[in-house]
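This briefing covers nonpolar cores, helix packing and a few individual residues. Please look over the sequence and the model before reading on.

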Amino acid sequence: MNVLTMPARPYDDQRPGTSGLRKPVAIFRQQHYLENYLQAIFETVGGGANRTLVIGGDGRFYNHEAIQIAIRMAAANGYKHLVVGREGLLSTPAASHLIRKRGADGGLIFSASHNPGGPEGDFGIKYNSSTGGPASEALSQSIYARSKRIAAYRFVDEPDIDIDRLGKVSLGETEVEVVDPVSDYAELMETLFDFERLAELLTSTSFKMRFDAMHAITGPYARAILEERLGAPVGTVINGKPLPDFGGAKPDPNLVRSRSLVDFMFGQDAVNFAAASDGDGDRNMILGRKMFVTPSDSLAVLAANAHVAPGYSGGLAGVARSMPTSRALDRVAQELGIPCFETPTGWKFFGNLLDTGRITLCGEESFGTGSDHVREKDGLWAVLFWLTIIAVRGMPVHRIIKDHWDRYGRHFYARHDYEAVDAAAANSLMDALRDQVGDMAGKRLAGSIVSMADDFSYTDPVDRSVAERQGIRVLLEDGSRIVYRLSGTGTGGATLRIYLERYEARAWLHDKDARKALNDLSFAASSLAEIPARLGRERPSLVI
């Protein structure tokens with residue numbers, strides 16, 4: 001095995017965001033750019049001597065080439081065993097499970113999640129630890145610091161490995177094992193849910209569903225589980241073939257990016273249930289006939305009905321949500337008598353809570369839900385959980401949601417995204433809000449009084465690490481909230497997100513249109529932050 005040490009220069013823009021390093025493909029294809037970052041990872045975690053590494057990605061453009069580079073560099077850095085998804089494919093939750101099942105020391109996941117693909121799109125890479133979860137904030141910052149000092153990287157000068165064929169091959173002292181990316185994950189799902197009961201539902205003539213894989217990684221998983229194992233009719237999974245450019249669309253399951261599925265479910269030919277997942281398979285959108293289930297409500301419904309799934313029949317140790325996610329989950333936790341943790345945005349903040357058994361379910365408003373079965377959010381898992389609830393309770397989606405509102409009240413909720421805005425202007429806006437938080441209490445806003453305002457800070461209850469400046473919260477006496485936060489997942493300019501929430505206990509008002517229910521909060525949020533003047537925008541790019 002011919003190991004080369006290649007000279008390189010560091011790049012100054014390799015700071016990981018909320019979930020790894022994401023950049024346009026053109027940036028990743030710069031000379032030594034990917035190699036530098038991979039070398040920074042390997043050196044930060046202490047090298048690969050006698051270690052096992054899982055490698056896979058979502059199949060987007062540059063995925064295959066990047067994985068071949070990673071294999072040769074991992075071998076040069078001493079890794080003993082590499083476990084690679086066939087064709088370089090692994091959904092993010094499947095990669096997390098494989099790391100845990102194989103007792104691997106970590107994993108490389110090549111994905112930019114819901115960001116667009118193709119030569120003009122985005123690419124990304126993140127390192128997951130031996131727990132199966134994303135690198136901690138401290139490790140991420142250490143990788144970044146190392147990336148700024150890289151002067152060379154190690155590389156095996158050998159031909160590409162055939163990763164399209166199952167089996168084992170040797171690369172010097174390194175064993176490369178190519179595995180079926182779907183089978184281990186499917187077996188895990190079978191331990192959590194009653195597949196016989198789900199098969200009865202999906203083969204029933206009175207129930208039909210549609211799953212949109214958005215030409216992304218979840219397609220093979222959904223076909224294998226929904227159509228092959230559970231017997232759903234062929235064609236239940238649409239857009240099921242992963243494509244390097246995701247068919248020219250942005251694989252982000254929401255009311256805007258999944259417009260055709262939403263229109264179908266609000267039309268005359270709607271099926272009983274529909275869902276979609278994103279680029280790397282960790283997000284989900286849930287729809288019933290003429291019913292969109294907000295991710296916040298979905299998380300709360302799963303928690304309230306967890307006992308119907310075999311994997312959770314023993315009850316929940318606790319639950320957690322990201323700070324911007326609605327407080328619908330809090331009310332369920334209060335009734336169940338279990339703790340509910342509020343964390344910053346980013347799945348890595350759930351890691352310590354999951355690892356120490358403090359929580360069982362967790363989720364974010366950005367269409368991500370998961371549990372302690374892996375250390376990532378999991379789109380297809382959420383779909384199977386919803387199908388289980390439908391099968392056991394014998395109710396359609398809209399009835400399940402309305403029953404939930406009757407019991408716990410409704411949290412009207414929306415997210416307004418201002419995408420690709422000037423980064424300096426966005427940061428200036430947030431700084432101006434921070435300057436105001438100390439003086440907001442007692443002021444009138446949106447027909448109520450501000451009870452508290454702050455810049456959210458989180459102290460991890462396990463390792464006592466502190467995450468500061470995680471978003472501006474404005475809480476009103478009537479229970480409403482406005483939250484401002486800059487997103488960490490975009491690659492062009494900045495994205496400002498504004499979250500609006502209003503609680504309504506009165507059942508006769510639960511069917512009110514959400515936009516109307518939040519209209520005064522929306523106006524107040526824009527005015528308070530001086531959006532038109534500071535960002536030059538009269539309205540958001542995206543409303544979810």
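Which residues does F273 touch, not counting residues up to four places away in sequence? F273 touches F207, K208, M209, R210, M265, I286, L287, V383, W386, L387, I390 and V397, where contact means heavy atoms within 4.5 Å. This is a predicted model, in which local features need pLDDT of at least 70 and side-chain atom pairs count only at pLDDT 80 or more, while totals for chains, interfaces and linings use all residues. Residues are numbered from 1 along each chain as its sequence is written, and side-chain values use heavy atoms, with hydrogens and water left out.

**Nonpolar cores**

- A nonpolar core is a set of buried Ala, Val, Leu, Ile, Met, Phe, Trp, Tyr and Cys residues joined through side-chain atoms within 4.5 Å. Buried means under 20% relative accessible area, exposed over 50%, and partly exposed in between, with a 1.4 Å probe and protein chains only.
- The largest nonpolar core has 76 residues, and F273, W381 and L387 have the most contacts inside it.
- Helix 13 (residues 379-393) supplies the largest share of this core, 11 residues. Helices (H or I, at least four residues) and strands (E, at least two) are DSSP runs, numbered from the N terminus.
- Another core, of 45 residues, lies apart from it and includes V45, I71, Y79 and I143.
- In soluble globular proteins, nonpolar side chains tend to be buried together.

**Helix packing: conventions**

- Axes are lines fitted to C-alpha atoms, for helices over the stretch in contact, and angles run from 0 to 180 degrees between N-to-C directions.
- Angles under 35 degrees count as roughly parallel, over 145 as roughly antiparallel, 65 to 115 as roughly perpendicular and the rest as oblique.
- A crossing is left-handed if the near helix is turned anticlockwise from the far one by less than a right angle, and right-handed if clockwise.
- For residue classes, Ala, Val, Leu, Ile, Met, Phe, Trp, Tyr, Cys and Pro count as nonpolar, Asp, Glu, Lys and Arg as charged, and the others, Gly among them, as polar.

**Helix 10 with helix 11**

- Helix 10 (residues 295-304) packs on helix 11 (residues 328-336) at an angle of about 15°, with the axes 8 Å apart. The two are therefore roughly parallel to each other, and the crossing of helix 10 and helix 11 is right-handed.
- On helix 10 the contact uses S296, D297, L299, A300, A303 and A304, and on helix 11 it uses A328, L329, V332 and L336. These residues divide into eight nonpolar, one polar and one charged.
- Helix 10 is mostly covered, with 10 of its 10 residues buried.

**Helix 8 with helix 13**

- The angle between helix 8 (residues 218-229) and helix 13 is about 30°, and their axes are 11 Å apart. That makes helix 8 roughly parallel to helix 13, and the crossing is right-handed.
- T218, Y221, A222, I225 and L226 of helix 8 meet L380, L384 and L387 of helix 13. This contact has seven nonpolar, one polar and no charged residues.

**Helix 2 with helix 5**

- Helix 2 (residues 33-44) and helix 5 (residues 137-147) pack at an angle of about 120°, with their axes 8 Å apart. They are therefore oblique to each other, and helix 2 passes helix 5 in a right-handed crossing.
- Y37, A40, I41, E43 and T44 of helix 2 make the contact with L139, S142, I143, R146 and S147 of helix 5. By class there are five nonpolar, three polar and two charged residues.

- M214, in the loop between strand 10 (209-212) and helix 8, has a phi near 55°. At 8% relative accessibility, M214 counts as buried.
- K290 has a positive phi of about 55° and lies in the loop between strand 13 (284-288) and strand 14 (291-293). K290 is exposed, with a relative accessible area of 56%.

- K377 is in the loop between strand 18 (368-371) and helix 13, and is buried at a relative accessible area of 9%. Not counting residues up to four places away in sequence, K377 touches P93, D282, R283, W347, E364, G368, T369 and G370.
- G288 belongs to strand 13 and is buried, with a relative accessible area of 0%. Leaving aside neighbours within four places in sequence, G288 is in contact with M265, N272 and V397.
- G288 and I71 are 217 residues apart in sequence and 43 Å apart in space, C-alpha to C-alpha.
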